[in-house]
Amino acid sequence: MTERVSLTLNGTLLSPPKTTTTTTMSSSLRSSTAASRLLRSSSSSTRSTLTLSASTSLSFARSLVSSPLLSSSPLSQKRHGVSSVNRGFNSTATTKCSASDPDQLKNAREDIKELLNTKFCHPILVRLGWHDAGTYNKNIKEWPQRGGANGSLRFEIELKHAANAGLVNALNLIKDIKEKYSGITYADLFQLASATAIEEAGGPKIPMKYGRVDASGPEDCPEEGRLPDAGPPSPANHLREVFYRMGLDDKDIVALSGAHTLGRSRPERSGWGKPETKYTKEGPGAPGGQSWTPEWLKFDNSYFKEIKEKRDEDLLVLPTDAAIFEDSSFKVYAEKYAADQDAFFKDYAVAHAKLSNLGAKFDPPEGMLSNGAPNLLVQTYDIEKRSSIMIEKKSNE
């Protein structure tokens, strides 16, 4: 790889978000305000918490929660072109981290859309966000040692991990956007690019929040080995070991696996797949590699259909792909998603949002929407759980 990556703030501090006031609110946001106030008052008045309408709280929570994570086989780093990072990628630590500017987030999203339309880089941008977040370890409480979505993937030491082979290209792609919008943290930009790529490829709307704080230096990078491997001896057990460590479950594992409907595996990077197939030999984008689906830039449920049938030798099936139809628990969800794309989209949106928040430290603490409005529920999948508890308490009185 000859093109150098230069991702640096040139000593410029990331600016805090502008304070914005929303004058017109949707009914769901008004409901969220009520939910937030009731939750905050729960410590002083359990009874007041129980007055929250179950239908309101649950419906609002659900409305918000309505080949990225696979590692590469250990190959030579020179073969991946990572050595060029040492010369061109500036991994100087920033002296201050702050939340992202909401106006810049909105504008950056439009620039990312244009990038996707011209470079056809949806798969690698999805992978960028996932690999930054997928290092999270729920058993480590301290930030940023716990890993997760903190932007540490921009540092050379983590970028050189075998699982991240080729992601230097993703950093190259978003370099100009980061330089243009210096008020966005790397952690937010990685996740914004990932979610936008899914949506622009025809996938579901992801209920994202922003305000992730950046890890400050290479010393904050996690150790190598936290991301899943494509061909472990026991694929199903391996997937559970890795994803359970992140706090995810079997449904999340299978739903997230469905993102392989996008992209290709390149043997020179991962050690898996064919150099080219009838589906990839002419691009779009750089030709070559082996895809999981015929239309590998379209997000749909075809991954599950193709893995189930295994009819086409030009389509890739990794050991971890096969496991979702071989393991009895995984198979329940895989069969469901193969038959029902709407169900897949719904569960995928929830799982992607969970993943994008793993390990993140938010400023403001509750995060914010891309339009600058506060995210009144700290974690949407947690508030639904709380609502269920409230309903149970009320029914027992």
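This is a short walk through the structure, one selection at a time.

The model is predicted, so local features need pLDDT of at least 70 and side-chain atom pairs count only at pLDDT 80 or more, while totals for chains, interfaces and linings use all residues. Residues are numbered from 1 along each chain as its sequence is written, and side-chain values use heavy atoms, with hydrogens and water left out.

**Whole chain.** Select the protein chain: there are 18 helices and 2 strands (DSSP runs numbered from the N terminus, with helices being H or I of at least four residues and strands E of at least two). Of its 397 residues, 56% count as buried (under 20% relative accessible area, with exposed over 50% and partly exposed in between; 1.4 Å probe, protein chains only).

**Helix H10.** Next, select residues 186–200, which form H10. Because 14 of the 15 residues of H10 are buried, the helix is largely enclosed by the rest of the structure. Just after H10, click on glycine 202, which has a positive phi of about 105°.

**Arginine 212.** Now move to the loop between H10 and helix H11 (235–245), where you will find arginine 212. Arginine 212 counts as buried because its relative accessibility is 0%. What does its side chain meet through a polar contact of 2.8 Å? The partner is the side chain of aspartate 188 (a polar contact is a pair of N or O atoms within 3.5 Å; within protein, one must be able to donate a hydrogen and the other to accept it, and residues adjacent in sequence count only if both atoms are side-chain atoms). Finally, show the backbone oxygen of lysine 209: a polar atom of the arginine 212 side chain lies 2.9 Å from that oxygen.

Notes. The expected span of a helix is 1.5 Å times one less than its number of residues.
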